[in-house]
Amino acid sequence: DFGSHQPARPERHPEYNVIYGPNQYPSNQMKRLVDEYQKQMLLLSSELCAALNRALHLPPGTIAEMLGHEPYICMKVANYPSHAQICGEFPRAQWGCGPHKDYMIWGMLLQGPSSEQVLQVQNNVGQWIG
């Protein structure tokens, strides 16, 4: 996982300050890739906020103001193989991420070029769709 790259906050109150701190990268190349990706996602997020303002007929900047001036980035780098890739090797239940709720306003995902949709979301009637 990679978060907003910033110095650690020595104060522990409020308790959520423990999530802030410098990222640990396995290589300089990974640092460059993550930094650039986060930069591009922040730009996209800003554009989405502006579009949401327009769609809801709100004054410019309303959504961004509600979200605060210090965005927190939570970036997970994960590869979930499709069922076809692991068939016969491991039970399907051993792979992936169990049902959970994401806490952010935007979830931006890069789905691989697979004919089998690996990522699924649950709709409002409880069905899992991909």
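Ser45 is found in helix H1, where helices (H or I, at least four residues) and strands (E, at least two) are DSSP runs numbered from the N terminus. At 17% relative accessibility, Ser45 counts as buried; buried means under 20% relative accessible area, exposed over 50%, and partly exposed in between, with a 1.4 Å probe and protein chains only. Not counting residues up to four places away in sequence, Ser45 touches Trp106 and Met108, a contact being defined by heavy atoms within 4.5 Å. The model is predicted, so that local features need pLDDT of at least 70 and side-chain atom pairs count only at pLDDT 80 or more, while totals for chains, interfaces and linings use all residues. Residues are numbered from 1 along each chain as its sequence is written, and side-chain values use heavy atoms, with hydrogens and water left out.

The protein holds 3 helices and 4 strands, which run β-α-α-β-α-β-β from the N terminus on. Of its 130 residues, 15% are buried. Among contacts with a separation of 6 or more, 47% are accounted for by residues 24 or more positions apart.

Helix H1 comprises residues 28-55. Its 28 residues should span 40 Å at 1.5 Å a residue, and the end C-alpha atoms are 40 Å apart, which agrees; the expected span is 1.5 Å times one less than the number of residues. The buried residues of H1 are Val34, Gln38, Ser45, Cys49 and Asn53. They pack against S1, helix H2 (62-67) and strand S2 (74-75). Ala50, also found in helix H1, is partly exposed, with a relative accessible area of 30%. The C-alpha atoms of Ala50 and Ile63 are separated by 7.6 Å, although the two residues are 13 residues apart along the chain.

Gln38 of H1 counts as buried, with 7% relative accessibility. Leaving aside neighbours within four places in sequence, Gln38 is in contact with Phe2, Gly3, Ile73 and Met75. Ile73 in turn touches Phe2, Gly3, Ser4, Gln38 and Leu42, not counting residues up to four places away in sequence. Phe2, Tyr25, Val34, Ile73 and Met75 form the largest nonpolar core, which has 5 residues. Such a core is a set of buried Ala, Val, Leu, Ile, Met, Phe, Trp, Tyr and Cys residues joined through side-chain atoms within 4.5 Å. In soluble globular proteins, nonpolar side chains tend to be buried together.

The structure holds 1 aromatic pair. Phe2 and Tyr25 form this pair, which is stacked, at 5.3 Å centre to centre and with 15 degrees between the planes. Phe2 lies in strand S1 (residues 2-3) and Tyr25 in the loop between S1 and H1, so the pair ties together parts that are 23 residues apart in sequence. For this assignment, rings of Phe, Tyr and Trp (its six-membered ring) pair if their centres lie within 6.5 Å; planes under 30 degrees apart count as stacked, over 60 as edge-to-face and the rest as tilted. Both partners are buried, Phe2 at 7% relative accessibility and Tyr25 at 18%.

A search of the whole structure finds 0 disulfides, a disulfide being a pair of cysteine sulfur atoms within 2.5 Å. Cys49 counts as buried at 7% relative accessibility, whereas Cys74 counts as partly exposed at 44%.

Just after H1, His57 takes a positive phi of about 55 degrees, although it is not a glycine. Most residues other than glycine have a negative phi. His57 is found in the loop between H1 and H2 and is exposed, with a relative accessible area of 71%.

Gln122 lies in strand S3 (residues 121-122) and is partly exposed, with a relative accessible area of 46%. Gln122 touches Gln127 and Trp128, not counting residues up to four places away in sequence. Gln122 and His100 are 22 residues apart in sequence and 9.9 Å apart in space, C-alpha to C-alpha.
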